Amino acid sequence: MSNKVIGILTLQNSNNYGAMYQAYALTKYLQNNGFEVFILDYEMTRDNSNIVDYLKHPISFFQKVLYRRKLIINKLIDNQGSTSNINREIQFNNIFSDFRASYLNITKTKYNYQKLLDECPKADAYICGSDQVWAADFLFTSPAFLLGFVPENIKRIAYATSFGKNELESYLRKIFAKYINKFDAISIREKSGVDIVKKTSSLDSTHVLDPTLLLNKTDYSEIIDYSLVPDKAYIFVYKLNQKKELSDWMDTCINNISQKQNLSVLAVSTNLVYPFDEGWKELHPTPGQLLGLIEKSSITATNSFHGTVFAIILQTNFLSFARDIYKDKQNVRMEELLSSLNLDGFYCEPFLDVEKLYKKLDELCDYKKVFENLKKMRNVSEDFIQKALK
């Protein structure tokens, strides 16, 4: 299989740690197995939307417009009079741009969908994924993440793709069915996504691990950086934006733990709207520095899927907090992962009582059994990749 070239289409342009880690991990895994790898510099915003498609689904179109308008208004209200979020965005943009340049082989050419149809870069196979590449609304973009641009003689593979939901909207099923049926092999990150594929195509799909879990701690040694780790013990908080009531609950829990165990709090967020507690120290680490902070923490508290993933890989004491109040959305991937590794006890459902949370901290994580289970799941994931690229 050596010297074969693999093209990847993923969300590497998103300025968040999860996007960086999953793109790095899939690239690293394929390179470790003898493949040459490149990532397409593709952005949905570069495509021109087709007004005809909008008119075919007027109700869905107006629902989408109203929803997006609400999001924009809420963001403007939340950010009113504050420059901290703007400064944070600028800092992280620079941090992630440096990481992409150093560790991801991204094409120098920037593509939209039409350019990909006209000038698809040569490769032996194309992989879309991981991350929520199938959560995008293709009615308003293009079928790029369904590899609609890939010539018939080149393999089309989905690895650990995610829909980001339990059901696919009815008006999207036709376009998904059209392109999914052209894939040579499909794997999905969440079990719910396996059901969606089965309902919208004639193909079976495989439930696999997020690519970050294909690698061991030693595989991340080239990027792990301990330069921000303090001398004193600390709680490390990696938090993504969420509803205010959930955010306040998570902060209250962490403050209680901090006071009870006399630990300082170091905190990171790429998109937080509501400010961190005044007593917390906010950091803007590189992806490598964030891994170092997780590994050396006394406790890592996170509402992030990839924050949970790396707490496990780096064998850290952790609590995984609910990201939203719905069972079929952001929490699904964390709950599925923890359940599959028998780590359910470290998940904090919405508004869990603080006293019950303390009991979770008293539980000891048997990482020997965790990695035995993880090895079995890796075998399934690696077997899928090997067969797909055979």
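Me: How do you know that helix α1 (residues 17-32) reaches close to its expected span?
Reply: Happy to show you. Helix α1 has 16 residues and covers 22 Å from its first C-alpha to its last, close to the 22 Å expected at 1.5 Å a residue. The expected span is 1.5 Å times one less than the number of residues. A helix here is a DSSP run of H or I with at least four residues, a strand a run of E with at least two, and both are numbered from the N terminus. Bear in mind that this is a predicted model, where local features need pLDDT of at least 70 and side-chain atom pairs pLDDT 80 or more, while totals for chains, interfaces and linings use all residues. Residues are numbered from 1 along each chain as its sequence is written, and side-chain values use heavy atoms, leaving out hydrogens and water.

Me: Why is α1 called largely enclosed?
Reply: Buried means under 20% relative accessible area, exposed over 50%, and partly exposed in between, with a 1.4 Å probe and protein chains only. In α1, 14 of the 16 residues are buried, so the rest of the structure largely encloses this helix. Across the protein, 53% of the 390 residues count as buried.

Me: What makes Asn-16 a cap for α1?
Reply: One of the side-chain oxygens of Asn-16 lies 3.2 Å from the backbone nitrogen of Gly-18, at the N-terminal end of α1. A polar contact is a pair of N or O atoms within 3.5 Å; within protein, one must be able to donate a hydrogen and the other to accept it, and residues adjacent in sequence count only if both atoms are side-chain atoms. Just after the helix, Gly-34 has a positive phi of about 90 degrees.

Me: Which elements do the buried residues of α8 pack against?
Reply: Buried residues of α8 include Leu-246, Trp-249, Met-250 and Ile-254. The partners of the buried residues are β8 (234-238), β9 (264-268), β11 (299-302), β12 (318-321), β13 (347-348) and α12 (354-362), where contact means heavy atoms within 4.5 Å. After α8 comes Asn-262, with a positive phi near 55 degrees.

Me: What makes up the lining of the largest cavity, by class?
Reply: The lining has 6 nonpolar, 2 polar and 5 charged residues. Nonpolar covers Ala, Val, Leu, Ile, Met, Phe, Trp, Tyr, Cys and Pro, charged covers Asp, Glu, Lys and Arg, and the others, Gly among them, are polar. The largest share of this lining, 4 residues, comes from helix α11 (residues 331-340). A cavity is a set of points, on a 1 Å grid over the protein atoms alone, where a 1.4 Å probe fits but cannot get out, and lining residues have an atom within 4 Å of a point.
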